[in-house]
Amino acid sequence: MIREMIVVEGKDDTTAVKRAVNADTIETGGSAIGEDVLVRIELAQARRGVIVLTDPDAPGERIRKIVSERVPDCKHAFLTKDEARGRRGIGVEHASDEAIRRALERVRGPEAATDVPAEIEWNDLLAAGLIVHASSAGRRERMGEILGIGYANGKQFYKRCLMFRITKAEFQAALEQLEQEGR
């Protein structure tokens, strides 16, 4: 059983998560998260911990941001768009059991130690072609998959690198893999 409560968007996501792992979920009911849901997420974080697993799309990222602002020490699990693609769209409910398990195995949390300096700098993203580059969006998407931090625009990608304390070594290894793939 997964100790933390998993925050998902809806009932179909809960069904998919419970099919893949033994876990409890909190459903946000979509991107218009009510105060009562946020209070439940805060309580869950205080008692068991929280993992946010939302769809890899704009509404899912909006939910992730709202929950992260309210519960800054929550953990995050990410599915790629390919893993979450179904016949009727993109969502956790379309992901295979294996993809959900992989995402939960690669869960990331913000580093609590404030004395640990951030290693990634804005210039690292620029030099890697992850911002201000003709194919930066695609490169960021793949780097996010490799690093396990999901897709984000340039500014959010940088914030995630800092929040999840991505090391220079992790970043360089992911960049090398990206280059080997010819991206």
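R139, R142, M143, I146 and L147 in helix α6 meet E170, F171, A174, L175, Q177, L178 and E179 in helix α8, where contact means heavy atoms within 4.5 Å. The residues of this contact divide into 7 nonpolar, 1 polar and 4 charged; Ala, Val, Leu, Ile, Met, Phe, Trp, Tyr, Cys and Pro count as nonpolar, Asp, Glu, Lys and Arg as charged, and the others, Gly among them, as polar. This is a predicted model, in which local features need pLDDT of at least 70 and side-chain atom pairs count only at pLDDT 80 or more, while totals for chains, interfaces and linings use all residues. Residues are numbered from 1 along each chain as its sequence is written, and side-chain values use heavy atoms, with hydrogens and water left out.

**Helix pair**
- α6 (residues 136-147) and α8 (residues 168-180) pack with their axes 10 Å apart, at an angle of about 125°.
- Helices (H or I, at least four residues) and strands (E, at least two) are DSSP runs, numbered from the N terminus.

**Sheet**
- Four strands form an open sheet in the order β2-β1-β3-β4, with parallel pairing; two strands pair if DSSP finds at least two bridges between them.
- β2 (25-27) and β4 (75-76) are at the edges with a single partner strand each, so one side of each has no neighbour in the sheet.
- β3 (residues 50-52) pairs with β4 over 2 bridges, and V52 stands opposite H76 in β4.

**Residue V71**
- V71 lies in the loop between α3 (58-70) and β4.

Note on methods: Axes fitted to C-alpha atoms, helices over the stretch in contact; angles between N-to-C directions.
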